[in-house]
Amino acid sequence: MRVSKKIRQAMEAPLMRLGLAILPRLPRKAVLALARALGSAAYVFSARSRRLGLENLDLAFGGLKTSAEKRRILRESMRNFSLTMLDLLWFTRDSARRMERWFAASPDLEAAMARRRARVGVTGHFGNWELMGRYWALRTGSIMSVAMPLKNPAVDALLQRARQVTGQQIVAREGALRKLVRFLRDGGTVGLLLDQNTAPEEGGVFADFFGTPASVSPIAGILAPMTGAEIIFAYALPRADGTYRGEMPHWIPAEEIAALDRKGAAQELTQRITGFYEEAIRERPDGWLWIYKRWRHIPAGAAAEGFPDYAKPL
């Protein structure tokens with residue numbers, strides 16, 4: 001391990017503790033201003049992130065948006081990411097009171113939370129994905145979410161503590177299937193982030209995303225038919241005044257899932273969920289995290305044309 005990397009990892013946990021000590025005590029306006037400043041600085045000084053984000057925006061929108069529009073979307077996206085990370089810490093203090101003040105759920109989302117039944121909730125790196133699960137846990141008593149552990153165990157422990165402050169249960173992706181099935185069969189809600197790369201050798205399948213195949217986990221399409229659960233697609237979008245609006249634009253009833261052909265259900269549901277993401281991103285492109293190698297894998301036998309430069313053939 002390089003010396004610089006060792007130093008960085010050694011500093012990460014103390015900085016995280018410092019953030020937990022200071023950020024939750026800041027007024028809301030200060031958090032919003034800091035998020036804008038950090039996101040703007042990242043856009044200006046991180047040429048790699050800027051190049052990656054614009055490459056993804058070119059793939060998604062091509063000539064439908066001008067270069068100036070794409071740059072604006074990316075800058076706002078990076079500001080949104082900064083706010084998401086800051087709010088991960090800010091909402092650890094007086095969580096219930098702050099959720100009540102700064103988070104408003106749509107009637108559809110409120111109705112879903114009031115129903116007790118097995119449910120697979122899917123969201124993505126869109127709006128504030130961290131806050132969605134914490135709000136659900138606060139209102140319903142529980143939710144089990146899957147998260148990839150960080151490489152730094154000390155920072156990961158602090159992050160998991162922040163995520164679980166309202167009762168959310170976090171399980172690592174490795175070996176999570178059995179826990180998720182048991183939780184769903186007990187009538188619980190499982191939360192999944194499904195806009196990440198999952199290579200075929202890890203169980204991923206390809207789904208059309210902005211007209212280009214993207215590898216994705218079919219876990220929601222496997223869990224729901226297996227357990228009789230319904231599927232909902234929900235997210236929390238930030239508003240200019242610092243509040244969030246929780247929305248649930250899509251719902252696939254358990255009865256509709258049960259009627260699907262079992263052999264093709266996982267692929268069909270995975271494609272539908274991917275379509276939900278695309279629809280939401282098209283409506284609010286600045287809400288999605290564009291600085292991620294979403295189209296990392298090129299399907300076997302497919303031409304590289306149309307994929308980003310970072311994509312690699314399987």
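Modeller: A cavity is a set of grid points where a 1.4 Å probe fits but cannot get out, and its volume is the space filled by probe spheres set on those points. The model is predicted. The largest cavity in this model has a volume of about 40 Å³.

Biologist: How many cavities of 30 Å³ or more are there?

Modeller: The count comes to one.

Biologist: What makes a residue part of the lining of the largest cavity, and which residues qualify?

Modeller: A lining residue has an atom within 4 Å of a cavity point. Leu194, Asp195, Phe209, Val216, Thr274, Tyr277 and Arg294 line the largest cavity. By class, four of these are nonpolar, one is polar and two are charged.

Biologist: Why is Asp87 called buried?

Modeller: Buried means under 20% relative accessible area, and Asp87 has 1%, so Asp87 is buried. Asp87 is found in helix H4 (residues 67-90). Leaving out residues up to four places away in sequence, Asp87 touches Arg28, Val31, Asn128, Arg134 and Tyr244.

Biologist: Why is Asp94 called partly exposed?

Modeller: The class runs between under 20% and over 50%, and Asp94 has 39% relative accessibility, so Asp94 counts as partly exposed. Asp94 is found in the loop between H4 and helix H5 (95-102). Its phi is positive, about 50 degrees, although Asp94 is not a glycine.

Biologist: What makes such a phi worth a remark?

Modeller: Most residues other than glycine have a negative phi. Phe210 is also a residue other than glycine with a positive phi, near 55 degrees. Phe210 is found in the loop between strand E6 (205-209) and E7.

Biologist: Is Phe210 buried or exposed, and how do you know?

Modeller: Its relative accessible area is 6%, and the limit is under 20%, so Phe210 is buried.

Biologist: What makes a set of residues a nonpolar core, and where does Phe210 stand in the largest one?

Modeller: The members are buried residues of the listed nonpolar types, joined through side-chain atoms within 4.5 Å. The largest nonpolar core has 53 residues, and Phe210 is among those with the most contacts inside it, as are Val120, Leu180 and Trp290. Helix H12 (residues 262-283) gives the largest share of this core, seven residues. A second, separate core of 30 residues includes Ala35, Met99, Met113 and Met132.

Key. Residues are numbered from 1 along each chain as its sequence is written. This is a predicted model: local features need pLDDT of at least 70, side-chain atom pairs count only at pLDDT 80 or more; totals for chains, interfaces and linings use all residues. Side-chain values use heavy atoms; hydrogens and water are left out. Buried means under 20% relative accessible area, exposed over 50%, partly exposed in between (1.4 Å probe, protein chains only). Helices (H or I, at least four residues) and strands (E, at least two) are DSSP runs, numbered from the N terminus. On a 1 Å grid over the protein atoms alone, a cavity is a set of points where a 1.4 Å probe fits but cannot get out, and a pocket is an open set with protein on both sides within 12 Å along at least five of seven lines; lining residues have an atom within 4 Å of a point. Ala, Val, Leu, Ile, Met, Phe, Trp, Tyr, Cys and Pro count as nonpolar, Asp, Glu, Lys and Arg as charged, and the others, Gly among them, as polar. Contact means heavy atoms within 4.5 Å.
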